[in-house]
Amino acid sequence: MRGASSRGAIDADEIRELRVRARDIGFSHYNLPRELGCADLPLLTQVAIEEQAGRATNGLGFVVADRGPRELVELATDDQLERWLRPVLRRETVESWAVTEPGAGSDVAGISATATRDGDDWVLDGEKWFVTGGDIAGVFVVLARAGDEEQALFLVSRDAPGLEIVRRPGFMHDPYIDGHVELRLTGCRVPDRDRLPAGDDAVRRWFTIERLMIAARCCGAASRLLELASEWAAG
């Protein structure tokens with residue numbers, strides 16, 4: 001990735017080449033069930049892979065630590081699996097979770113985006129921040145409040161009317177292979193069949209795994225930093 005820092009981004013062709021190489025040696029959707037043609041590796045093995053990936057960079061680590069959307073596969077209806085997730089499993093596109101907001105993050109109880117029922121549709125309104133992979137995603141998994149108490153997840157197409165990518169902020173860890181975009185939903189209409197049959201409980205399950213893998217990558221990065229610092233101090 002020579003020159004990536006000066007460019008401010010990693011070239012898309014370089015990323016595609018690296019992903020093909022990683023997939024050829026088995027690092028592709030390795031957390032998904034065997035019936036989908038994947039390895040279904042144990043969680044401890046996945047953590048070990050993530051830890052080693054973190055020794056490269058947190059960004060490039062995602063090229064090798066290429067976990068698939070297991071939580072969505074387990075949640076989705078058969079119809080949702082065929083229409084939305086099969087393209088992801090075929091690597092034709094990627095999914096991106098849109099949960100965090102200006103006033104709420106991992107504590108999903110504070111989510112303020114709304115979903116209002118209108119006939120056979122839901123109308124979504126709100127903002128979502130730090131939507132990782134949102135710059136390239138074909139489908140967003142949007143959490144919204146469907147009433148005073150209930151929260152719901154919706155599969156929303158990238159080109160859905162009323163969904164707008166407002167901004168791609170810069171971060172200290174750039175260059176990064178995926179952007180963390182900000183979304184705005186304004187009267188975004190989603191059919192009821194694209195509502196997932198689970199809400200905030202599913203998001204908490206997703207957060208649990210994601211935070212575990214982030215911790216593993218950070219451990220890998222920390223161990224490499226200690227090695228580099230020790231070598232420098234000894235030299």
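A search of the whole structure, a predicted model, finds one cavity of 30 Å³ or more. A cavity is a set of points, on a 1 Å grid over the protein atoms alone, where a 1.4 Å probe fits but cannot get out. Grid points are joined across faces, edges and corners, and a volume is the space filled by probe spheres set on the points. The largest cavity has about 30 Å³. Its lining, meaning residues with an atom within 4 Å of a point, consists of Glu-127, Trp-129, Val-166, Glu-182, Leu-183 and Arg-184. Two elements, β3 and β7, each give two or more residues to this lining. Strand β7 has the largest share, three residues. Elements are DSSP runs numbered from the N terminus: helices (H or I) have at least four residues, and strands (E) at least two. By class, the cavity lining holds three nonpolar, no polar and three charged residues. Here Ala, Val, Leu, Ile, Met, Phe, Trp, Tyr, Cys and Pro count as nonpolar, Asp, Glu, Lys and Arg as charged, and the others, Gly among them, as polar.

Residues are numbered from 1 along each chain as its sequence is written. In this predicted model, local features need pLDDT of at least 70, side-chain atom pairs count only at pLDDT 80 or more, and totals for chains, interfaces and linings use all residues, while side-chain values use heavy atoms, without hydrogens and water.

Pockets were examined next. A pocket is an open set of points with protein on both sides within 12 Å along at least five of seven lines. The largest pocket holds about 1,300 Å³ of space. It is lined by 47 residues, and the closest to its centre are Phe-62, Glu-95, Thr-132, Gly-133 and Asp-178. Two or more lining residues come from each of α2 (12-24), β1 (95-98), β3 (121-132) and α7 (200-234). Helix α7 gives the most, with six residues. The lining of the largest pocket divides into 20 nonpolar, 11 polar and 16 charged residues.

The second largest pocket holds about 180 Å³. Of its 10 lining residues, Leu-18, Ala-56, Leu-60, Val-63 and Val-64 are the closest to its centre. Helices α2 and α4 (61-64) each supply at least two residues of this lining. The lining of the second largest pocket has eight nonpolar residues, one polar and one charged.

Helix α2 has 13 residues. Its first and last C-alpha atoms are 18 Å apart, close to the 18 Å expected at 1.5 Å a residue. The expected span is 1.5 Å times one less than the number of residues. Ile-15, Arg-19 and Ala-22 are the buried residues of α2. Buried means under 20% relative accessible area, exposed over 50%, and partly exposed in between (1.4 Å probe, protein chains only). The buried residues of α2 fall within an arc of 60° seen down the axis, so they line one face of the helix. The arc is that of the directions from the helix axis to the C-beta atoms. The face turned away from the buried side carries the exposed residues Arg-16, Arg-21 and Asp-24. The buried residues of α2 pack against α4, with contact meaning heavy atoms within 4.5 Å.

Helix α3 (residues 43-54) has 12 residues, which should span 16 Å at 1.5 Å a residue; its end C-alpha atoms are 16 Å apart, which agrees. Gln-46, Val-47, Ile-49, Glu-50, Ala-53 and Gly-54 are its buried residues. They cover an arc of only 160° around the axis, which puts them on the same side of α3. Leu-44 and Gln-52 are exposed on the other side of α3. The buried residues of α3 pack against α4 and α7.

Just after α2, Gly-26 takes a positive phi of about 105°. His-29 lies in the loop between α2 and α3. Its phi is near 50°, a positive value in a residue other than glycine. His-29 counts as buried, at 6% relative accessibility. Phe-130 is in strand β3. Phe-130 is not a glycine either, yet has a positive phi of about 55°. At 42% relative accessibility, Phe-130 counts as partly exposed.

Gly-179 is found in the loop between β6 (163-167) and β7 (180-191). Gly-179 is buried, with a relative accessible area of 2%. Leaving out residues up to four places away in sequence, Gly-179 touches Val-131, Thr-132, Gly-133, Gly-134, Asp-135 and Arg-168. Arg-168 is 11 residues from Gly-179 along the chain, and their C-alpha atoms are separated by 6.4 Å.
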